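Here is a short report for a reader who is meeting this protein chain for the first time. Please look over the sequence and the model before reading on.

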Amino acid sequence: MKILLVEDDNRIAETLASILRDRYYTVEIAGDGERAWSLASAFSYDLILLDVMLPKIDGITLTQRWRAAGKSTPILILTAKNTSRDKVLGLDVGADDYVVKPFDLPELLARIRALLRRGDRDPSLILKWGLLQLDPNRCESEYNGVALPLTPKEYSLLELLLRHPRRLFSRPAILDRLWSFEDPPGEETVKVHIRSLRKKLQAAGAPSNFIQTVYGLGYRLNQHL
């Protein structure tokens with residue numbers, strides 16, 4: 001899952017980004033409102049974590065502009081203003097939730113998970129396809145009861161496919177969703193991760209075509225399991 005973190009305090013931004021990356025999220029940081037607007041216009045994100053007090057364009061104005069432009073990406077506001085008026089203002093302009101600084105980390109992570117689940121057809125925590133299960137809350141996956149020893153990128157790739165089980169993902173689309181735009185690898189990297197993920201699934205008992213290749217187009221989960 002890809003998150004845009006909009007925070008002008010570099011220490012807070014880097015600390016929070018590190019925590020989120022440890023939980024297998026892909027995170028990009030914008031230090032001001034203009035940068036956030038540019039990134040969100042050019043790339044797709046599953047969630048925006050948005051500070052209110054920002055240089056150039058403040059968080060409330062950004063939220064208004066995104067909603068006016070038809071962007072439906074969930075927005076979680078991070079605010080140091082702990083008053084009812086400020087909370088109501090943020091929600092009224094289109095934010096989905098808010099957390100007051102200094103925030104409680106477990107609460108923030110729980111709110112992030114809740115917002116990311118809103119777009120799922122199945123709101124349950126466990127993602128399933130055939131005998132495969134993935135628990136986003138615990139960052140654990142297994143096939144037919146056998147734990148899968150996945151790297152962070154393999155886990156993120158598997159989660160992406162499970163959250164959109166009938167969608168065909170091209171290599172550029174996978175790169176856009178799972179890697180930062182600042183240092184994107186080549187498309188060969190996607191092939192390497194798909195190959196490694198298939199081997200680990202097979203070692204747990206999955207068929208070799210659990211992840212299908214549609215030649216010239218991309219990858220998707222086997223639709224006949």
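## Two domains

The model is predicted. Its chain is divided into domain 1, residues 2-117, and domain 2, residues 127-221. The centres of the two domains, taken over C-alpha atoms, are separated by 27 Å. The domains are in contact: domain 1 gives 12 residues and domain 2 gives 15 residues.

## The largest nonpolar core

In soluble globular proteins, nonpolar side chains tend to be buried together. Here the largest nonpolar core has 30 residues. Which of them touch the most other members? They are I174, F210 and I211. The largest share comes from α6, with six residues.

Leaving aside neighbours within four places in sequence, I174 is in contact with L157, L160, F169, W179, V190 and Y219.

## Helix α7 and its surroundings

I174 is one of the buried residues of α7. What do the buried residues of α7 pack against? Their partners are the strands β1 (2-6), β2 and β11, together with the helices α6 and α8.

## Helix α6 against helix α8

Two packed helices are described by the angle between their axes and the distance between the axes. The axes of α6 and α8 come within 10 Å. They cross at roughly 85 degrees. An angle of 65 to 115 degrees counts as roughly perpendicular, so α6 is roughly perpendicular to α8.

Which residues meet here? On the α6 side they are K153, E154, L157 and L158. On the α8 side they are H193, I194, S196, L197 and K200. By class, this contact has four nonpolar, two polar and three charged residues.

## L62 in helix α3

L62 sits in helix α3, residues 59-68. Is L62 buried or exposed? L62 is buried, because its relative accessible area is 0%, and buried means under 20%. Not counting residues up to four places away in sequence, L62 touches G33, A36, W37, L50, L54 and I57.

L62 and D97 are 35 residues apart in sequence. From C-alpha to C-alpha, they are 15 Å apart in space.

## Backbone features in loops

Two residues other than glycine have a positive phi. Y24 has a phi of about 75 degrees. Y24 lies in the loop between α1 (10-22) and β2 (26-30). Y24 counts as buried because its relative accessibility is 19%, and the cut-off is under 20%.

For N144, phi is near 50 degrees. N144 is found in the loop between β8 (140-143) and β9 (146-147). N144 counts as exposed, because its relative accessibility is 52% and exposed means over 50%.

There is also a cis peptide bond, and it joins K101 and P102. Omega for this bond is about -10 degrees. Where is P102? P102 is in the loop between β5 (97-100) and α5 (105-117).

Technical notes. Residues numbered from 1 in each chain as written. Predicted model: local features only at pLDDT ≥ 70, side-chain atom pairs only at ≥ 80, totals over all residues. Heavy atoms only, no water. Helix = DSSP H or I, 4+ residues; strand = E, 2+ residues; numbered from the N terminus. Buried < 20%, exposed > 50% of the residue type's maximum accessible area, 1.4 Å probe, protein only. Core = buried A, V, L, I, M, F, W, Y, C linked by side-chain atoms within 4.5 Å. Contact = heavy atoms within 4.5 Å. Axes fitted to C-alpha atoms, helices over the stretch in contact; angles between N-to-C directions. Parallel < 35°, antiparallel > 145°, perpendicular 65-115°, else oblique. Nonpolar A, V, L, I, M, F, W, Y, C, P; charged D, E, K, R; others polar. Domains from an automatic or database assignment.
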